[in-house]
Amino acid sequence: MTDVLPDQLPWWVAGPGIGLCVVAMYGVLNVKLGVSGGWLQVMNLGTGRPVTEAWRIWFNTGLVGGALLAAALGTGSAAAGYGDLGAAVGQALLLPLLVVVGIAMGYGARWAGGCTSGHGISGCSAGSPESLAATATFFSVAVAVTLLLHLLTGGAV
Amino acid sequence: MSPRAVVSIVVGAVFGFFLTASGLGDYRTIHEGLLLRDPYIYLMMAATVGTAWLGIQLLRRRGSTVLGGPLVLPRHPVRRSTVFGAALFGVAFGVGATCPGITVAMLATGGLWGAPVLAGIFGGLWLRGVTASMTRRAQ
């Protein structure tokens with residue numbers, strides 16, 4: 001482990017870097033970059049169902065490798081816990097809560113046809129009405145839920 | 001390994017690198033953004049979409065892709081499922097302050113709480129497949 005990277009790259013470095021990944025996937029493979037679709041293909045592979053988009057499995061494999069590289073180069077650790085949410089609910093409740101969060105996230109992403117990367121980044125960049133609507137919906141709902149939780153917990157979360 | 005696989009793994013690695021190096025794996029980064037206290041996630045998103053939009057305009061002029069034939073960009077209409085699914089996703093995004101890609105950044109930087117979220121994501125993807133099949137059979 002070395003500390004080459006700061007804890008957080010400036011938004012004007014990280015944002016364009018990710019934007020160029022979107023362009024590369026459209027320009028080379030003619031596909032819409034997205035992560036949840038990759039997990040779906042990984043699940044198909046693991047359960048013996050047909051893998052219809054193999055590139056997604058390779059993409060998510062690369063994602064894991066790139067994330068490990070950034071961590072090895074000193075990106076800030078997320079090992080401290082789960083922030084205010086972890087402190088507010090305690091470890092015993094946090095585990096089932098996060099599983100439920102994950103289930104809702106996976107169910108919602110498949111229902112909507114994409115997630116923050118597929119709709120929020122790739123689809124919006126291409127001007128897809130479906131992605132613009134999905135992104136406006138999940139961001140506004142997420143802000144509303146976060147502010148409501150903050151209010152209901154007296155600022156604890 | 002095919003050229004498509006090589007491109008996918010390389011671009012995936014660059015994507016994972018920037019996603020993680022942006023600090024999004026730390027719960028606080030997204031949570032503070034959703035509390036409207038820190039503009040980082042919105043500025044980063046705008047820089048991402050702006051860069052990609054510019055690149056896509058250049059690709060449109062070219063019209064063809066390197067390995068995938070003529071460029072076809074997604075342009076789907078808004079369906080009810082889009083909005084309902086995104087709303088459910090938004091609830092989870094708000095509570096967990098993470099998403100399917102960021103769970104990897106969380107795990108890579110030692111945040112083991114990303115594991116139950118990722119396990120749940122697989123469960124949710126599977127469950128949606130089951131309920132969608134049941135709905136199709138009922139129709």
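In the predicted model, 10 residues of domain 1 of chain A are in contact with 12 residues of domain 2 of chain A. On the side of domain 1 of chain A that touches domain 2 of chain A, two elements give two or more residues each, namely helix H1 (11-29) and helix H2 (36-46) of chain A. The largest share of this side comes from H2(A), which provides three residues. Sorted by class, the side of domain 1 of chain A that touches domain 2 of chain A comprises six nonpolar, three polar and one charged residues.

The two domains are defined by the domain assignment of chain A, in which domain 1 covers 1-80 and domain 2 covers 81-157. The centres of domain 1 of chain A and domain 2 of chain A, taken over C-alpha atoms, are separated by 19 Å.

A further contact joins the two chains: chain A contributes 98 residues and chain B contributes 95 residues. On the side of chain B that touches chain A, at least two residues are supplied by each of the following elements of chain B: helix H1 (3-21), helix H2 (27-34), helix H3 (40-62), helix H4 (80-96), helix H5 (102-108) and helix H6 (114-138). Among the contributors to this side, H1(B) gives the most, with 17 residues. The class composition of the side of chain B that touches chain A is 60 nonpolar, 30 polar and five charged residues.

How values were computed: Residues numbered from 1 in each chain as written. Chains lettered and ligands numbered in written order. Predicted model: local features only at pLDDT ≥ 70, side-chain atom pairs only at ≥ 80, totals over all residues. Contact = placed C-beta atoms within 7 Å. Helix = DSSP H or I, 4+ residues; strand = E, 2+ residues; numbered from the N terminus. Nonpolar A, V, L, I, M, F, W, Y, C, P; charged D, E, K, R; others polar. Domains from an automatic or database assignment.
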